[in-house]
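Welcome! Let us take a walk through this structure together, one region at a time.

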Amino acid sequence: MTDEFKPIETDVKDALTKTAEDIEKGYPEHLKELAERTEKVVAGGSKKVDEEHAGNIKKILDDLDANQARTDITPNAKAAADGKLKSKLTSVLDPEGEAGRKTDLDNFMSNVDTQGHMAGRHYKPSDQALQDRLGDTKFESDGVTPKIKQSGPNQGHVASENFVDPLTGTTVDGETGGAHRCGPYATRFDNPEDVKQADDFFRGQIASGQIPVETPISEVLGPDGHQELTGFYKDPTDPTQYKNVDFEGGTIVPVYRPDGSGGQKLHTMFINPAPGKHP
Amino acid sequence: MDKTLKGFIGAYLNVEVASEGLEGTRDVLKTFNADAVESLKKNFAELLATRELTALDYGYMTYAEFESDEDLYAYLQAVYEYLFNDAENEPGPPPYE
């Protein structure tokens with residue numbers, strides 16, 4: 001094959017013309033060949049190539065192969081990781097299409113925003129808004145010692161009140177008009193891609209006759225899906241400080257409501273750490 | 001415990017969701033696959049009969065803080081009647097702090 005190399009610039013250009021449709025069918029064999037040829041050309045130093053670009057392609061292809069070969073994760077987790085990698089490959093191979101894909105995602109998130117409060121509470125809020133959502137710390141009768149829950153499922157967490165709803169910026173709940181409630185964690189999806197992948201996953205379940213319910217993050221976003229999420233809880237040793245939530249082993253909670261046309265709208269969707277992970 | 005029932009409780013009875021009321025949940029169940037909802041109802045009834053979930057276990061799943069198993073099952077019985085038998089009284093979880 002070495003003697004049959006086309007100039008690498010041509011190969012890359014060819015690859016860039018490949019559409020997302022090709023990738024949907026499974027990443028084409030020719031891309032693997034491209035990556036292999038790219039490596040050899042780089043090693044031979046005979047062509048001037050974009051090593052970073054070629055390396056990115058090769059890395060993703062290797063990751064796809066490695067994911068396919070995994071036997072330690074479920075089919076759902078494997079499919080989720082595969083989808084993410086192919087999306088990444090699309091971005092590398094078709095950078096000109098990024099603007100269009102971003103517009104599609106923006107439109108998706110705008111639509112989600114009209115369906116319920118998922119975006120308002122679990123995508124748009126800043127770090128500060130998430131921390132405000134955890135409310136004011138309650139104190140023991142001495143007025144100085146923070147009240148720490150001594151029993152129950154939230155043992156060790158800081159007791160709080162006056163939870164601020166990011167939807168209203170006040171303690172008034174944007175859904176009910178009553179007092180806003182928040183558990184020990186305030187959490188957020190960082191990427192619209194993850195929101196879409198999760199919504200697609202749960203809508204797929206509905207279409208196949210299942211009820212969409214709380215599901216491990218790894219099943220929906222892949223085994224590394226917990227890494228691009230944000231969450232806070234109050235530090236029990238100093239409730240003026242906030243600690244980051246570790247989402248490994250955590251879950252995604254989907255909540256749908258009727259859309260008025262026989263279907264469903266996404267009322268909310270949020271992420272929780274594994275029970276007992278914190279504090 | 002049935003996996004779908006466990007996930008259903010974790011989502012739709014999570015303290016943040018249940019505090020908004022259960023009407024939307026009752027309504028959306030009518031849009032899901034009827035067999036799946038019937039199975040959910042059957043497994044929910046079984047949970048009420050076996051009481052295999054403690055208040056603490058339930059709290060880990062939903063963050064809701066019930067004082068006792070008796071309080072929890074009084075609530076869950078009311079939830080069952082509201083969701084599946086169109087009872088009028090809409091139960092709410094205990095306040096969260």
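The paragraphs below visit the pockets, then a sheet, then a helix.

A word on conventions comes before the tour. This is a predicted model, where local features need pLDDT of at least 70 and side-chain atom pairs count only at pLDDT 80 or more, while totals for chains, interfaces and linings use all residues. Residues are numbered from 1 along each chain as its sequence is written, chains are lettered from A and ligands numbered from 1 in the order in which they are written, and side-chain values use heavy atoms, with hydrogens and water left out.

Let us begin with the largest pocket, which holds about 1,400 Å³ of space. On a 1 Å grid over the protein atoms alone, a pocket is an open set of points where a 1.4 Å probe fits, with protein on both sides within 12 Å along at least five of seven lines; its lining residues have an atom within 4 Å of a point. The volume is the space filled by probe spheres set on the points, which are joined across faces, edges and corners. Here 44 residues form the lining, and A:G83, A:K84, A:L85, A:S87 and A:Q197 lie nearest the centre. The biggest share comes from α5(A), with 12 residues; helices (H or I, at least four residues) and strands (E, at least two) are DSSP runs numbered from the N terminus. By class, this lining has 14 nonpolar, 11 polar and 19 charged residues. Ala, Val, Leu, Ile, Met, Phe, Trp, Tyr, Cys and Pro count as nonpolar, Asp, Glu, Lys and Arg as charged, and the others, Gly among them, as polar.

Next comes an open sheet of 3 strands in chain A, ordered β3-β5-β6 with antiparallel pairing; two strands pair if DSSP finds at least two bridges between them. β3 (186-189) and β6 (242-244) of chain A each have a single partner strand, so one side of each is left without a neighbour in the sheet. Strand β5 (residues 229-234) of chain A pairs with β6(A) over 3 bridges.

Finally, look at α1(B), where 7 of 10 residues are buried (under 20% relative accessible area, with a 1.4 Å probe and protein chains only). Among them are B:L5, B:F8 and B:Y12.

Terms used. Buried means under 20% relative accessible area, exposed over 50%, partly exposed in between (1.4 Å probe, protein chains only).
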